[in-house]
Structures are given as structure tokens and as C-alpha cells.
Amino acid sequence: MVRHPSLIVVHLADPHFEPFVHIFTDLAFVARARGEYEKALAFTRRGAQHPGDELDRLCLATLPFDLVSTGDINTAIRAADEGVRVVEAAGVPHSMVLS
């Protein structure tokens, strides 16, 4: 587990640093483990909007989970429906399992 995720977050603000897109779901996992559900949702949203997520949509597929974790069930349902549509269009079944 990452002991100091804030060190990674500092680099995310650097325009010359291009992270592997799944770093956002990793950081969301750490935030969830610490009970920081809003922070987890913010990481997942940022990852879902990142151009690198267009390859397999893992961050997008994780979004409904984090929305439910924050209590936003209606938005989670809409995000799940949209996520399934987008993941199907990507043609990569890996993320589909998460939706």
C-alpha cells in the first residue's frame, strides 16, 4: 500500500509528468481504505476524464462504486448506465466486469 499518496498527488499537478492512468484508481483505493470516500471519488473522476482511460475505461468503470460509497446512488446508476455504454464501445471486456 502507498504510505504517502500525497507525494504522488504533487506530481499529478506537474504538466510534464504523465502518469499511468490507473494511478487514479490506485489512489482512490488508498483513499477508500482510509475512509476518505469523497477524495476517492475525486481521484476516480479525474482518472475517468484522463485521455489514457479511453483505452480500457477502468477508471470510468470504477466511478459508480465510488459514487455509491459517497451515498449518491441515483448518480451512480446513471454513471453505471453510461459506463456500460462507453465500455461496450471500447470493446474491452475487462472493465465491463466492474460496471
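1. In this predicted model, Phe 24, Thr 25, Ala 28 and Arg 32 of helix 2 are in contact (heavy atoms within 4.5 Å) with Leu 58, Cys 59, Thr 62, Phe 65 and Asp 66 of helix 4. The residues of this contact divide into five nonpolar, two polar and two charged.

2. The axes of helix 2 and helix 4, which are lines fitted to C-alpha atoms over the stretch in contact, come within 10 Å and cross at roughly 20°. The two helices are therefore roughly parallel to each other, a term for angles under 35 degrees.

3. Helix 2 packs against helix 3 at an angle of about 175°, with the axes 8 Å apart, and that makes the pair roughly antiparallel (over 145 degrees). Here Phe 24, Leu 27, Ala 28, Ala 31 and Arg 32 of helix 2 meet residues of helix 3, including Tyr 37, Phe 43 and Gly 47.

4. Phe 24 and Cys 59 are, with Leu 60, Leu 63 and Leu 67, the members that touch the most others in the largest nonpolar core, which has 17 residues; such a core joins buried (under 20% relative accessible area, 1.4 Å probe, protein chains only) Ala, Val, Leu, Ile, Met, Phe, Trp, Tyr and Cys residues through side-chain atoms within 4.5 Å. The largest share of this core, five residues, comes from helix 2.

5. On method, local features need pLDDT of at least 70 and side-chain atom pairs count only at pLDDT 80 or more, whereas totals for chains, interfaces and linings use all residues. Residues are numbered from 1 along each chain as its sequence is written, and side-chain values use heavy atoms, with hydrogens and water left out.

Key:
Buried means under 20% relative accessible area, exposed over 50%, partly exposed in between (1.4 Å probe, protein chains only). Helices (H or I, at least four residues) and strands (E, at least two) are DSSP runs, numbered from the N terminus. Axes are lines fitted to C-alpha atoms, for helices over the stretch in contact, and angles run from 0 to 180 degrees between N-to-C directions. Angles under 35 degrees count as roughly parallel, over 145 as roughly antiparallel, 65 to 115 as roughly perpendicular and the rest as oblique. Ala, Val, Leu, Ile, Met, Phe, Trp, Tyr, Cys and Pro count as nonpolar, Asp, Glu, Lys and Arg as charged, and the others, Gly among them, as polar.
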